[in-house]
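Good morning, everyone. Please look at the screen while I go through this one.

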There are 2 protein chains.
Amino acid sequence: MFNIKHQNTIENAVKANHERAFYSQYPEHPKAYGENAAEQGENRYKALLQQPFKQLLQTGETSWAGEEVSPYTQEALGITYPIFSPDELVHRAIAAAPQWRNTTVDVRADILVETLEAVKERFFDIAYATMHTTGQSFMMSFQASGPHANDRALEAIAMGYHEGNRYPASLMWEKPMGKTSLQLKKNFRAIPKGVGLVIGCSTFPVWNSLPGIYADLVTGNPVIVKPHPKAILPIAIVVAAIQQVLQEKGFSPALCQLAADTSTALITKTLCEHPGIQLIDYTGGSAFGNYVEALKNKTVFTEKAGVNSVIIDSVADIDAVMQNLAFSVSLYSGQMCTAPQNFFIPAEGITTSNGRLSFDEVVQKFKDAVVSLVNNPKMGAGTLGALQNENTLERAHNAGKLGAKVILEGQPLINEEFTHARGCTPSILEVSSNDKHIFEQELFGPVLLLIKTKDTHESIQLARQMAQQHGAITCAAYTTSPEMKEKITEEMNGVFTPVSFNFTGFIWVNQHAAFSDFHVTGGNPAGNASFTNPEFILRRFVWVGNREVAGS
Amino acid sequence: MFNIKHQNTIENAVKANHERAFYSQYPEHPKAYGENAAEQGENRYKALLQQPFKQLLQTGETSWAGEEVSPYTQEALGITYPIFSPDELVHRAIAAAPQWRNTTVDVRADILVETLEAVKERFFDIAYATMHTTGQSFMMSFQASGPHANDRALEAIAMGYHEGNRYPASLMWEKPMGKTSLQLKKNFRAIPKGVGLVIGCSTFPVWNSLPGIYADLVTGNPVIVKPHPKAILPIAIVVAAIQQVLQEKGFSPALCQLAADTSTALITKTLCEHPGIQLIDYTGGSAFGNYVEALKNKTVFTEKAGVNSVIIDSVADIDAVMQNLAFSVSLYSGQMCTAPQNFFIPAEGITTSNGRLSFDEVVQKFKDAVVSLVNNPKMGAGTLGALQNENTLERAHNAGKLGAKVILEGQPLINEEFTHARGCTPSILEVSSNDKHIFEQELFGPVLLLIKTKDTHESIQLARQMAQQHGAITCAAYTTSPEMKEKITEEMNGVFTPVSFNFTGFIWVNQHAAFSDFHVTGGNPAGNASFTNPEFILRRFVWVGNREVAGS
């Protein structure tokens, strides 16, 4: 018999999930983890380089391979991973399933929190691994792949625990029949759907994968983790930590397997189409995401691309707004799925508490704020990070060829710590509301579009259209008018896009807080799932009720 | 400002939904509704015959049409219904939507319970309408289309109320930042997906449609109700009652519209494919159901066909078991989606508390029980009801041509009250476990297959395979062995099929009680949805969270 060691943690998380006030189990400050933790993590990270990765509890590999390159040094990490055949991975998952399926959700949740505690011990290893595969800054790497990812994983565990306990395991049903009654013993079981597959992306290999991994596991499904071949290490460390705890607790490490592959021998489609895979979580581009969504007989959770808008109608303090937006667009060089891209500004300009600003003045303020941030030696390189891959760099370099008026041309990134870092400062382009062919595409990376509209009504109409047709994960809006606020909310919520109003100071539209902000709504083409709403959990299992004549 | 008149009813229903003990808001005994209610209902039903149906609050029809025929008299009801163009129906629904969407879920739930109270006043009109369109007996017509349907509707309302109130409408989010803190005002909105379409079937025109209708409405979506052209009247009366209450409460009756059509000018596909329709609930055959499930950009809830199994392993009292099964297969002549069809019996026979019975003895007992029931003048006709349509009659007539050994040939139904009733007593066929081509199809209607298997393990394996490949809504099993019970549960639940063990006496596998038994699990090909699990509600709306800097 198991004790539920982490019951308080789980129940507090369930409560937080529902209250949606500020809540965090894993502090986001590196300092909270001890003075030497960062250095020790860096050393452990360095010790992994130029070696086969041996932490996994998986055997039977057919070969070893790896192709990760640090966006900061542009040198190969030299780490190889065991490669397995898709059939082998699926068969091992199926073999491991029954014991886990027949364990109560309480015990599963407890063991999974224990795995998060084990992952916590590797936060800094994971941070350096994330930095040197994704190009995120150290701070973002630490927070996004460490405490923030763990918090989102806990959110999924808590939702699984809550939903899995929603109905009584057994009860006596008694129907009055006049002077007598009819009695049935009933039991309700949350039957897991099967084997899960979690397909990661190259920019957020941990944060975007943990919710699906933990949602599969808490609901009783084994999971196969298929990282992007250019960003394996961060999630490999997590998977190894999970496997270690599973084994310690008497369960098969095959409940959570790493399925590394290479760019020249991708196994993603083979896994997706494998009849032994029932659940798929996907983060990445829309073309592959649409393929995944169209697969027959699979339960699919996607986060794809989108075009995020900022509607500027009227502001109190224009400088505070522009500083906030400059940071939002520069953060990780626009490689966040929540980064704003399209800025809708009325041709007649906007009102501020210091009077009216013309369109051109707004554009100038925006340009100045971006230039000032990226040229700030204490801020620039750390905010921008590095570009994960060459395609993004090329897209940024070619921004000037899109046919728009170039307001600010991207410059080579100057990073004193990493002189070979792959990077480029943001390009700012100006277009008119007629240039839909330019702004209706996702320009992933450091490219922004300032769109001159007839008025805010047109801005809203275009932002709405973009979200409906091309997807949107976020929308920021600046207005001092209550009526306009209501209209923007109604219109954008109507296409299932959340709105963040009047963000200035230390809060940016890019950020989604676990336990409070849903990440992606699931209602527009940016994705069909949401971290972590009830559906994200419920679609992974099926409620089945059995009945029995009492005493039979 | 509205008062929540039915708050107690709603909260009791939420509690019942979760506890899953016996619960009912609408008594199933006709007597509970007053002494003259049945007669008044019959008179109101008769007054509707040979007339245009004028109770709907819908205008702008293009024509009037109707083609219902009573399975009891085989005469046309002569009722015509207003016919509308699909575009007109969708446009009216869209126009009615905003006011309803912007009403709180509490008020919507309250108004919807009020509509159920109005429907209750028509229970007997609906009962006669159901009887003379579906062929159900009077008692089944009353219960299934009256109190049982209303209870399932209330279940959906309660689930919508619970889920719609799951997150706070607004709150202050406060993140500690050292000596200061960051404050955001947040609000959470459950945004309805759009316009719903509920496609009914000819055998349970009310019971199978009400959950979808009320699930759409409680979550803020207008709904278009598309009945089977041969069974319009029962649901037309319900829709009219709903429209009346909506109008009284100041809402548009177009929130719930009837979309009658005719066999020669069906509008179902046009409605399904209409870009203005976002949600579809479907009950009926698998071919059309698979088409509905494959539609792009629609949220779809289906109940299709299945092959329900009975596994007979060992019994205490064989006569009690056979009486129970004879009733199950005779009830409404096997036209219930929960009716058992395939009976798996080991070749070596079964054990009973009075010793062993050979396979042939079990078959004989089964045949005797069916013959005894259908020939019982007090039971036969009332249990069998009538066959809804000619196809079902023809299938029953042709049962002997399936290539199986005929154990009992179906006979013309003798119904003294309705001498022209369309009907046929059950046909019993015997096949071997090799005759999969015979028993893997749904033989909707009064045709049963007794399948001789090697042993109970083969019985289980075949029942499992049928459920997995062809779908199953129910499974009955008889065993006195705890190990076998566990194995049957594990295997059938593994293909998302519930099991009812050792049913004898006044409880039959066909029955699913609201507030306790999920109807269809949604996990096998018999359907992708379940009355009423949380998904049945959650997939009809999208949670969207907005944020705002406090004081901005």
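Let me start with a term. Buried means under 20% relative accessible area, exposed means over 50%, and partly exposed lies in between, with a 1.4 Å probe and protein chains only. Now the ground rules. This is a predicted model, where local features need pLDDT of at least 70, side-chain atom pairs count only at pLDDT 80 or more, and totals for chains, interfaces and linings use all residues. Residues are numbered from 1 along each chain as its sequence is written, chains are lettered from A and ligands numbered from 1 in the order in which they are written, and side-chain values use heavy atoms, leaving out hydrogens and water.

First, A:V549. Buried or exposed? A:V549 is buried, because its relative accessible area is 16%. A:V549 sits in strand β19 of chain A, residues 541-549. Helices (H or I, at least four residues) and strands (E, at least two) are DSSP runs, numbered from the N terminus. What does A:V549 touch, beyond neighbours within four places in sequence? In chain A, A:Q183 and A:L184. In chain B, B:F501, B:N502, B:F503, B:T504 and B:I507. Contact here means heavy atoms within 4.5 Å. A:P211 is 338 residues from A:V549 along the chain, and their C-alpha atoms are 41 Å apart.

Next, chain A as a whole. Chain A has 19 helices and 19 strands. Its C-alpha trace spans about 80 × 70 × 45 Å along the principal axes. Of the 552 residues in chain A, 63% are buried. Among contacts in chain A with a separation of 6 or more, 74% join residues 24 or more positions apart.

Now the core. A nonpolar core is a set of buried Ala, Val, Leu, Ile, Met, Phe, Trp, Tyr and Cys residues joined through side-chain atoms within 4.5 Å. The largest one has 203 residues. Which have the most contacts inside it? A:I213, A:Y214, B:I213 and B:Y214. Take A:Y214. Leaving out residues up to four places away in sequence, A:Y214 touches A:L112, A:T115, A:L116, A:V119, A:A153, A:A156, A:I157 and A:I242.

Last, helix α8 of chain B, residues 210-218. Why call α8(B) largely enclosed by the rest of the structure? Because 9 of its 9 residues are buried. Among them are B:I213 and B:Y214, and B:D216 is buried too. After α8(B) comes B:G220, with a positive phi near 95 degrees.
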